[in-house]
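Let's take a walk through a protein model, one region at a time.

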Amino acid sequence: MSFVPKRPNALSRLSSFTPNAGVDYARLRNTDFGQGQHNHVSCLSPYLRHRLITEREVVDATLKVHSLAQSEKFIQEVFWRTYFKGWLEHNPHIWARYQVGLTGGLKALKSDAALQARCSEALIGQSGIECFDHWVSELVQTGYLHNHARMWFASIWIFTLKLPWEIGADFFLRHLLDGDPASNTLSWRWVAGLHTKGKTYLARPDNIERFTNGRFNPAGQLATYAEPRVEDSRIICEQELPQTKLIPNADYLLLVHEDDCLPETLLPHDRTQRGVIGALSTSLRSPLAVSDNVKAFSKGAVSDALSRVGGDNTIIEGEWADSLIAACDAFNVKNIVTAYMPIGPSAAALAKAKLDLERADITVSQIIRPWDRQTWPYANRGFFKVKKKVAKILENLKENDIQGRLL
Ligand SMILES: Cc1cc2nc3c(=O)[nH]c(=O)nc-3n(C[C@H](O)[C@H](O)[C@H](O)COP(=O)(O)OP(=O)(O)OC[C@H]3O[C@@H](n4cnc5c(N)ncnc54)[C@H](O)[C@@H]3O)c2cc1C
């Protein structure tokens with residue numbers, strides 16, 4: 001499976017996968033057949049992460065081929081992504097806490113030679129646990145891992161190798177093409193027993209043997225007990241969800257970023273787009289170096305979006321403020337319109353530019369997709385609350401469609 005960061009590649013993968021999104025997916029999705037053999041899962045995650053295609057498009061295409069009951073498992077997985085994104089919007093301090101934990105973990109390596117050695121060996125795929133070392137290599141080479149491999153990997157990292165979970169999560173974020181602040185952080189927290197408090201995920205040799213189709217069996221090598229990780233305090237702030245700001249009645253500069261590379265489906269039709277600019281925040285995913293594969297994919301995705309919405313492929317990175325102000329001056333506008341930036345690096349980069357933009361009298365309007373707006377209100381507890389509402393959410397979205405646009 002090679003991932004090309006262009007919308008036609010995303011659409012082509014979607015159409016080749018949809019026949020398998022029903023019974024085949026329900027039966028075989030948990031088996032990791034190995035690198036290059038991930039035919040029973042969609043491998044759409046890098047495209048969904050960058051919204052080169054939307055969750056709505058994926059679900060719509062699936063329901064054209066299968067009933068909701070037949071494709072329930074697959075559609076629920078797509079909603080897991082939206083659930084995690086919404087949950088982090090309700091609890092932004094969890095992302096901040098992860099970053100603090102990561103800094104602490106990296107510091108701990110410096111003062112503990114044994115920990116540092118264990119961590120370095122794991123990161124270069126020399127832990128001595130064959131399956132784990134294989135997944136390190138697959139992840140680094142391809143930018144993708146099967147869901148079950150991610151679960152086993154995280155569990156072995158935390159409970160067998162006894163390494164700080166945040167450093168493992170950071171390794172994923174630096175190498176996964178779909179590396180996502182919400183899905184990644186919350187999945188690692190779930191394995192560690194922090195998301196569903198006290199409930200951990202323990203990787204077992206017989207389960208690995210069965211679901212790798214007999215390729216691996218780390219008998220006698222793995223921890224047999226998973227002690228839940230604990231946090232100092234668990235302040236749930238349950239932030240109010242963001243409101244879609246009204247788009248000012250004026251022409252605008254369109255800002256395209258790596259969390260939504262399909263802005264053309266969102267644009268206000270009663271205003272004129274004067275100019276377009278792309279902005280990357282890939283290097284803010286980690287204090288360490290992000291892989292070249294990830295950088296190239298994110299840049300390619302933004303570039304692909306720019307090719308569809310006009311503009312001269314200007315893509316900024318690092319500090320955004322000066323370039324955004326210069327672009328607004330060049331196009332003689334005081335408004336920036338952009339797809340909503342969920343908690344994570346893009347939102348952080350924009351927050352950093354906020355004061356300078358305000359000083360230059362520039363407003364930023366972020367548009368939230370109806371898909372998120374409909375689902376996120378239910379994403380403040382466990383997934384079950386979202387799951388119960390899937391049919392209703394899909395019904396509501398249909399009612400709100402404008403001219404057949406799938407938002
Ligand atoms: C430790 C760990 C870290 C993870 N990190 C990420 C991450 O950074 N980014 C990411 O997109 N997913 C992450 N996942 C979730 C999941 O593993 C991937 O979304 C999935 O493997 C992607 O492969 P696919 O597209 O073939 O999935 P499919 O099984 O075909 O599912 C279709 C889509 O549903 C969504 N999805 C599926 N499973 C999950 C899930 N468990 N949680 C959230 N969304 C899901 C994805 O967008 C996926 O593309 C992580 C899981 C674990 C256990």
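About 1300 Å² of area is buried between domain 1 and domain 3, and carbon and sulfur atoms give 58% of it. Buried area here is the accessible area (1.4 Å probe) that two parts lose on being put together, summed over both. On the domain 1 side, Arg-49, His-50 and Glu-89 lose the most area to domain 3, together making up 41% of what that side buries. The contact (heavy atoms within 4.5 Å) takes 13 residues from domain 1 and 14 residues from domain 3.

You're looking at a predicted model, where local features need pLDDT of at least 70, side-chain atom pairs count only at pLDDT 80 or more, and totals for chains, interfaces and linings use all residues. Residues are numbered from 1 along each chain as its sequence is written, and side-chain values use heavy atoms, with hydrogens and water left out.

## The domain layout

The chain splits into domain 1 (7-90 + 374-400), domain 2 (94-211) and domain 3 (252-368); these bounds come from an automatic or database domain assignment. Taken over C-alpha atoms, the centres of domain 1 and domain 3 are 26 Å apart.

How many salt bridges are there between domain 1 and domain 3? The count is 1 salt bridge, a term for a side-chain nitrogen of Lys or Arg within 4 Å of a carboxyl oxygen of Asp or Glu. Arg-49 also forms a salt bridge with Asp-259, with the closest N and O atoms 3.1 Å apart.

## Two helices and what covers them

Now for some helices. Helices (H or I, at least four residues) and strands (E, at least two) are DSSP runs, numbered from the N terminus. Buried means under 20% relative accessible area, exposed means over 50%, and partly exposed is in between (1.4 Å probe, protein chains only). In H10, 11 of the 11 residues are buried, so this helix is largely enclosed by the rest of the structure. Its buried residues include Trp-165, Phe-171, Phe-172 and His-175. They pack against helix H6 (93-111), helix H7 (113-123), helix H8 (130-142), H9, H11 and helix H13 (292-309).

In helix H4 (residues 55-65), the buried residues are Glu-55, Arg-56, Glu-57, Val-58, Val-59 and Thr-62. What covers them includes helix H1 (7-17), helix H3 (45-49), helix H5 (72-90), H16 and helix H18 (390-400).

## Rings that pair up

Rings of Phe, Tyr and Trp (its six-membered ring) pair if their centres lie within 6.5 Å; planes under 30 degrees apart count as stacked, over 60 as edge-to-face and the rest as tilted. By this rule the count comes to 25 aromatic pairs. One of them joins Tyr-340 and Trp-376 edge-to-face, at 5.9 Å centre to centre with 65 degrees between the planes. This pair links distant parts of the chain, 36 residues apart: Tyr-340 is in the loop between strand E4 (335-339) and helix H15 (345-359), while Trp-376 is in the loop between helix H16 (370-375) and helix H17 (383-387). Tyr-340 is buried at 16% relative accessible area, and Trp-376 is buried at 3%.

Elsewhere, ring pairs tie Phe-132, Phe-153, Trp-157, Phe-171, Phe-172 and Trp-188 into a cluster. There's a charge over a ring too (NZ of Lys or CZ of Arg within 6 Å of the ring centre and within 35 degrees of the ring normal): the charged end of Arg-150 sits over the ring of Tyr-144, 5.4 Å from its centre.

## Loops, inside and out

Beyond residues up to four places away in sequence, Leu-177 touches several others, including Phe-3, Arg-49, His-50 and Phe-297. Leu-177 and Tyr-144 are 33 residues apart in sequence and 6.5 Å apart in space, C-alpha to C-alpha.

Met-341, in the loop between E4 and H15, is buried as well, with a relative accessible area of 2%. For a contrast, find Lys-162 in the loop between helix H9 (147-160) and helix H10 (165-175). Lys-162 is exposed at 53%, and has a positive phi of about 55 degrees although it is not a glycine. Asn-332, in the loop between helix H14 (321-331) and E4, has a positive phi near 55 degrees too, and counts as exposed at 70% relative accessibility.
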